[in-house]
Amino acid sequence: MSETTTQSAAGAFEAEQKRYLEGFASGIAAVRMTGGLAAGGAGAAAPPAEPTGPDAIHIKAQDKTVKAGGKLCDQEKWKRAENPFDGHNRLIQEAAAGKQPKPEDNFRWRYHGLFWVAPNQVSYMCRLRIPNGILHHWQFAGVADLADEHGGGYVHVTTRANLQVREIGPEHAQPFLDGLTDIGLTARGAGADNIRNVTGSSTAGIDAQELLDTRPLAKSWHNWILNDRSLYGLPRKFNVAFDGSGVMPTLEETNDIGFQAVEVLDGASVPPGIYMRLVLGGISGHRDLARDTGIVLKPEDCNAVADAIIRVFIENGDRTNRNKSRMKYVLDAWGFDKYLAAVEDKLGRKLDRVAPEHVAPRKATDRYAHVGVHAQKQPGLNWVGVVLPVGKMTSDQVRALAKIAAECGDGQIRLTVWQNFIFSGVPDAKVAEVEARVDALGLTTKAAGIRSGLVACTGAKGCKFAASDTKGHALIIADHVEKAVPNLDVPVNVHLTGCHHSCAQHYIGDIGLIGAKVVVSEEGDTVEGYDVVVGGGFAENPKIGTEIWQAVKAEDAPSRVEALLRAYLALRQGPEESFQ
Ligand code: SF4
């Protein structure tokens, strides 16, 4: 189906939807919609036509669910009733009139990157797409201008090396998206049941340790998914990451699909060289990290294989229960062998597998690589990581930082999954100037202890799911710990996430806090608080943390974190023994 539908076709389409939904509601569900708008309602003489067009794969999967006795969840019904791309012009008109979206339209807007976040903020948040997290200085400054003109005048860096702008009023929704287009950016597919921002190694192309430059792979996959309508509207959201095996972790093990650059040695079933190893099923909020499939790919094959993996998921993912609809649950039900056999069927060929002993061990990562000054593989050049207070910058700071990138670096801003960014291509002679100019903005390139690894999701200030003000509490914890434990001499990651969606990936932090309402009276009054996990890890030490405390009041969180850090310092054998 084309994205623009004629008036008469739209009428037939709506009539078809109505019949389908009526049939569905009464349990009959005999009416089939088709991608090509073919007729075929209940009682029609001719058998229903097969769905065609890019939406057919989804329609068939929904039909299969209903035929098996399943009840589609609301989001599936919304997708079915009106594809969010077909509804775009209606959404624009309603937003321009200042209308606040109904839940189903809030869901549809997310296909365009806009999230209505009332009641916490009576406005939209826009999440962009920035493949590999890299953008030009003028794009960075342009986002700041848009945040001033249409949003709250500030910008957040997310844990998918992406940018978000908040407090966008309804009438500013489309002008904001238009402004992104003007500066060569997009938010298409950034929310809802779509493939999210493509992450890659932040130090791609400048890192002496890397095996492979992830930038062309991330950009190619970004364009692949952006331009294929059948890859929108999955059973649930989906994450893909490319890690070049550089010094800075990409956290690919927390993605549904992770591609890890590895060196295959002599004696394997494939010629020696650099390949992408395929890991699958990461979803840290559901306590699972991606697992090695044993498959290695030529880098140029990643798109086709990821595409096949996702199509198997589209056809077989759960469309009835949002809590069980991620790809992990198909993998759990089927096992890796069955799932990968289905992928190979789709591809029409076998994938190469290599035994672990034929893969060189990956080099260790550096937990401070995203902060401070680091020599690039290009002699005389450096990257410089700037610490942002839980990812937040004012638009004035963003513009000034963009100017630094243009005047002292290679003009690029590289966002990281650690909610910060690095300048790249800074000559030795310019490093001191960069540091001084960053300091003058009230930011820093120097951080130790927990400040460098402090990650917090949006939290209660802007997200209706949050049980606690994660960003606010994160800064209070950091301030407290810096005074109370000044001798902390190693990086310790503290992640605060507001709810089970785990946007800040609390389960892989050294210390993870997940928002919880804490009951403080017999009448059931509650205050903000957290459950606490410890011992999570990533990169060469991947691990899901273990819960040690429940229902800690937020006001007590700083002293609990302090106690954990004091215990670590007292009990460790030396600084080489990590918190984990
Ligand atoms: Fe919102 Fe929950 Fe995500 Fe935090 S983890 S931003 S509270 S959805």
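Q: Which residue in β8 is the bridge partner of A241?
A: G258 in β8 is the bridge partner of A241. The model is predicted: local features need pLDDT of at least 70 and side-chain atom pairs count only at pLDDT 80 or more, while totals for chains, interfaces and linings use all residues. Residues are numbered from 1 along each chain as its sequence is written, and side-chain values use heavy atoms, leaving out hydrogens and water.

Q: What makes β7 and β8 a pair of strands?
A: Two strands pair if DSSP finds at least two bridges between them.

Q: How many bridges join β8 to β9, and which way do the strands run, parallel or antiparallel?
A: Eight bridges join β8 to β9, and these strands run antiparallel. One of the pairings is that of V262 with Y275 in β9.

Q: Why is β8 called largely enclosed?
A: A residue is buried when its relative accessible area is under 20%, exposed when it is over 50%, and partly exposed in between (1.4 Å probe, protein chains only). Strand β8 (residues 257-264) has seven of its eight residues buried, so it is largely enclosed by the rest of the structure.

Q: What makes a stretch of residues a helix or a strand here?
A: Both are DSSP runs, numbered from the N terminus: a helix is H or I over at least four residues, and a strand is E over at least two. Helix α10, for example, covers residues 327-334.

Q: Which residues of α10 are buried, and what covers them?
A: The buried residues of α10 are M327, K328, Y329, V330 and L331. Their cover includes β9 (273-280), α9 (302-316) and α11 (336-347). After α10 comes G335, with a positive phi near 85°.

Q: Is T65 buried or exposed, and how do you know?
A: T65 has a relative accessible area of 15%, and the limit for buried is under 20%, so T65 is buried. T65 lies in helix α2 (residues 56-67). Leaving aside neighbours within four places in sequence, T65 is in contact (heavy atoms within 4.5 Å) with G70, L72, R319 and T320.

Q: Why is E167 called partly exposed?
A: The relative accessible area of E167 is 38%, which falls between the limits of 20% and 50%, so E167 is partly exposed. E167 is found in strand β5 (residues 163-168).

Q: What is noted about phi in E167 and R287?
A: Most residues other than glycine have a negative phi, and most peptide bonds are trans. Phi of E167 is positive, near 60°. Phi of R287 is also positive, near 60°, and R287 lies in the loop between β9 and β10 (291-297).

Q: Where is the cis peptide bond that involves P119?
A: The cis bond joins A118 and P119, with omega about 10°. P119 lies in the loop between β1 (114-116) and β2 (124-127).

Q: How many disulfides does the structure hold, and what would count as one?
A: A disulfide is a pair of cysteine sulfur atoms within 2.5 Å. The structure holds zero disulfides. C302 is buried, with a relative accessible area of 1%, and C408 is buried, at 2%.
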